Amino acid sequence: MSVLHRFGGIVAVLLVIVLMSLAMVVAGTSPIDGFSALLTGALGGSNQLGETLVATTALLFPALGICLAFRAGLFNIGAEGQLIVGALLAGAAGAQMHVAAPLAIAIMLLLGAIGGGVWGGIAGWMKARFNANEIISTLMLNFVAASVALTLVSGPLRGPLATGAETAWLPPQYWLPTLIPHTRLSAALVLALAIAAVLTWVFRATVFGYELNAAGEAPEAAKRNGINIARLTWLSLTLSGAIAGLGGASIVTGELHRFNTQLSPGYGFTAIAVALVGDLQPLWICVAAFGFGILESGGLAMQASAQVPKDAIHLIEGLIILVLAARRYVATRIEKGQAA
Amino acid sequence: MEILSALIVLTLIKATPIIYAALGGVISERSGVINIGLEGMMAAGAFTAAIVSYATNAPLLGVLAGIVAGGLAGLVLAIAATRFKVDQIVAGTGINLICAGGAAYGLVLVFNQPGASKQVNALGPNYWVLVVLAFALAIALQWLLSRTPWGLRVRACGENPRSVAAAGLDPLALRTFAVTLSGALAGLGGAFLSIGELNLYSDGMTAGRGFIALAAVIFGRWNPLGATAASVVFGLFEALQYVLQGKISWLPADAMQALPYIAALIALAGVTGRVRAPASDGVPY
């Protein structure tokens, strides 16, 4: 193990700092002002910390879902759509239901998982049955999800008092309890961390986890050893979508308290970077999600005070992905050089 | 009759950017590199074309700059995929984020406004040249790939790069060139979007066309002419939503936006077992 290999994450963090400083200089602000705006905006008080953890939670669900699919060698870039469908079902049901509060929250979360699971499952079934490339199908399904959601909340599901494309508000008893008083941080964070723990156990200690890893790393060998690849394919994309959809539902019941077509500023795409930076290890993904949560919430503050647009963060995410992906090769080369 | 001719013209316009990207996809995959970054390369081309046309008031220069920008993004993927042996899917995803984020950032730097550029000089009625060029390039690429020594080498790279090396050629150099060309074509498609069809760049304007183009590559069985025909089909579904708007009362316009994507999904599922990707497609050498 070379230094680069082991500390790839730290190298990535340093790279982020350098790149963001550069972006700030180009935009005409000093990096010190920019970073202090970012950090104060993300961690400067309980309100700020709350918003950072809200973003962390929103990123954590889709990142864990993506992680599960990637482990099986399936590139799910449709977490955004799966999250939207989950949120839509949860929001639609929550606005219509009349049951006891804990049951209502449970039903909304369950519907979120089902919605996301169906959306991911479509791509999984297409892959298992027709060998349809899951990268293209999951991305196409993002657009279909956005179109379905817009159609429904502009028409039949639109709240009677809504100003934009959104459902009616959930009654307050259907809201997930908050973790820090006077912030929007809800118990969804606990749920996300629990899922990370469960996934760690699944990957390390269960037959399903073993089969996932086998199918992802050596599909031919897995097939010869009697692993049912078709079943694994639809199952892992369904579960992957279900986790993302659960995240969508948790945004509805925990944060926005209604479904809105502007609900996700691209969480499902940033989550790809989160999953890769977390090296597909659920516990590291939690750390990565917190890092990106700081960027998301602090980015808004930075945009306001340092004139650095929040969208520039996608640029940085992309660079991190490239550098992390290349580090394995660079590390091997350095090792070879040292051996010679 | 009027509707029919409007539909045909609109189909050709909507198909053009997809054709360019799909041709890029064909050439890249035939050389053995899956180009998931087509979407970002289109965005790079669209954004750069708009910026250069704004700065110079010469849309033609804008188109050329769009080609160069797409080519540079292609070169980044090429180097990542050949020299650094990075997972091609991961690298392509990174490039998509870099290009979309870079363009969003660039809009603020250049125009001091997020979301969309100011209106710029566009090709105007001359856009049809690029429509015709798309089909001409498809025929040229079909001939190049199937009838020339270079085409044979590229195809060999995608099937069995070792045999190319055994013949004394450098598969990595061939792949690098093919993927750069792929990006340049996608960049041209992007330039058509921003200053051919419209006269500005806006965030998200590529709207998944890079991925629809990848579906066209598969549906067209990795052949330039096949991929072009598939792109025209997807263009037709995109055009249909405009022509049918308001004509089908039970189907709202928002729902019709999903048409091209559903068409691509059905196409993907419909070609089962009848197509075969190049043997070394996506495998680093």
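**Entry 1. Helix 12 of chain A**

How many of the eleven residues of helix 12 of chain A are buried? I looked this up in a predicted model. Nine of the eleven are buried, so the helix is largely enclosed by the rest of the structure. I noted the buried positions as A:Tyr267, A:Gly268, A:Thr270, A:Ala271, A:Ile272, A:Ala273, A:Val274, A:Ala275 and A:Leu276. After the helix comes A:Asp279, and I recorded a positive phi for this residue, near 55 degrees.

**Entry 2. Helix 5 of chain A**

I next examined helix 5 of chain A, which covers residues 79-96. From its first C-alpha to its last, this 18-residue helix reaches 26 Å, close to the 26 Å expected at 1.5 Å a residue. I found 15 of its 18 residues buried, so helix 5 is largely enclosed by the rest of the structure.

**Entry 3. The interface of chain A and chain B**

I then turned to the contact between the two chains. Chain A contributes 39 residues and chain B 40 residues. I noted about 3300 Å² buried between chain A and chain B, with 84% of it on carbon and sulfur atoms. Of the area that chain A buries against chain B, 18% comes from A:Ile136, A:Met140 and A:Leu322, more than from any other three residues.

Which helices of chain A each supply at least two residues of the side that touches chain B? I listed helix 2 (8-27), helix 6 (101-130), helix 7 (134-154), helix 12 (267-277) and helix 14 (312-339). By class, this side of chain A has 29 nonpolar, seven polar and three charged residues.

I searched the interface for polar links as well. The count of salt bridges between chain A and chain B is zero. Two residue pairs are in polar contact across the interface, both at pLDDT 80 or more.

**Entry 4. B:Gly94**

I located B:Gly94 in helix 4 of chain B, residues 88-111. Its relative accessible area is 0%, and the residue is buried. Leaving out residues up to four places away in sequence, I found that B:Gly94 touches A:Gly318 and A:Ile321. I also checked B:Gly37, which is 57 residues from B:Gly94 along the chain; the two C-alpha atoms are separated by 7.8 Å.

**Entry 5. Two serines**

Is A:Ser297 buried or exposed? At 10% relative accessibility, I counted A:Ser297 as buried. This serine lies in helix 13 (residues 282-306) of chain A. Its side chain makes a polar contact of 2.6 Å with the side chain of A:Thr52. Beyond residues up to four places away in sequence, A:Ser297 touches A:Gly41, A:Ala42, A:Gln48, A:Glu51 and A:Thr52.

I found B:Ser280 in the segment after helix 12 (259-270) of chain B. B:Ser280 is also buried, with a relative accessible area of 11%. Here the side chain reaches a backbone atom, the oxygen of B:Glu159, at 2.8 Å. Residues that B:Ser280 touches, not counting those up to four places away in sequence, include B:Gly32, B:Cys157, B:Asn160, B:Pro161 and B:Arg175.

**Entry 6. Salt bridges**

The side chains of A:Glu51 and A:Arg184 meet at 2.8 Å, N to O. This pair links distant parts of the chain, 133 residues apart: A:Glu51 is in helix 4 (residues 46-71), and A:Arg184 is in the loop between helix 7 and helix 8 (188-205) of chain A. I noted A:Glu51 as partly exposed, at a relative accessible area of 28%, and A:Arg184 as partly exposed, at 35%.

A:Lys127 forms a salt bridge with A:Glu134, with the closest N and O atoms 3.0 Å apart. A:Lys127 is partly exposed at 24% relative accessibility, whereas A:Glu134 is buried at 5%.

A:Arg224 forms a salt bridge with A:Glu220, with the closest N and O atoms 3.4 Å apart. Because these two residues are four places apart in helix 10 (residues 219-224) of chain A, about one helical turn separates them. I found A:Arg224 exposed, with a relative accessible area of 70%, and A:Glu220 partly exposed, with 44%.

Finally, I noted that salt bridges with shared partners join A:Glu51, A:Arg184 and A:Glu255 into one network.

Methods:
Residues numbered from 1 in each chain as written. Chains lettered and ligands numbered in written order. Heavy atoms only, no water. Contact = heavy atoms within 4.5 Å. Buried area = accessible area lost by both parts, 1.4 Å probe. Salt bridge = Lys/Arg side-chain N within 4 Å of Asp/Glu carboxyl O. Polar contact = N/O pair within 3.5 Å; in protein donor to acceptor, adjacent residues only side chain to side chain. Nonpolar A, V, L, I, M, F, W, Y, C, P; charged D, E, K, R; others polar. Expected span 1.5 Å × (residues − 1). Buried < 20%, exposed > 50% of the residue type's maximum accessible area, 1.4 Å probe, protein only.
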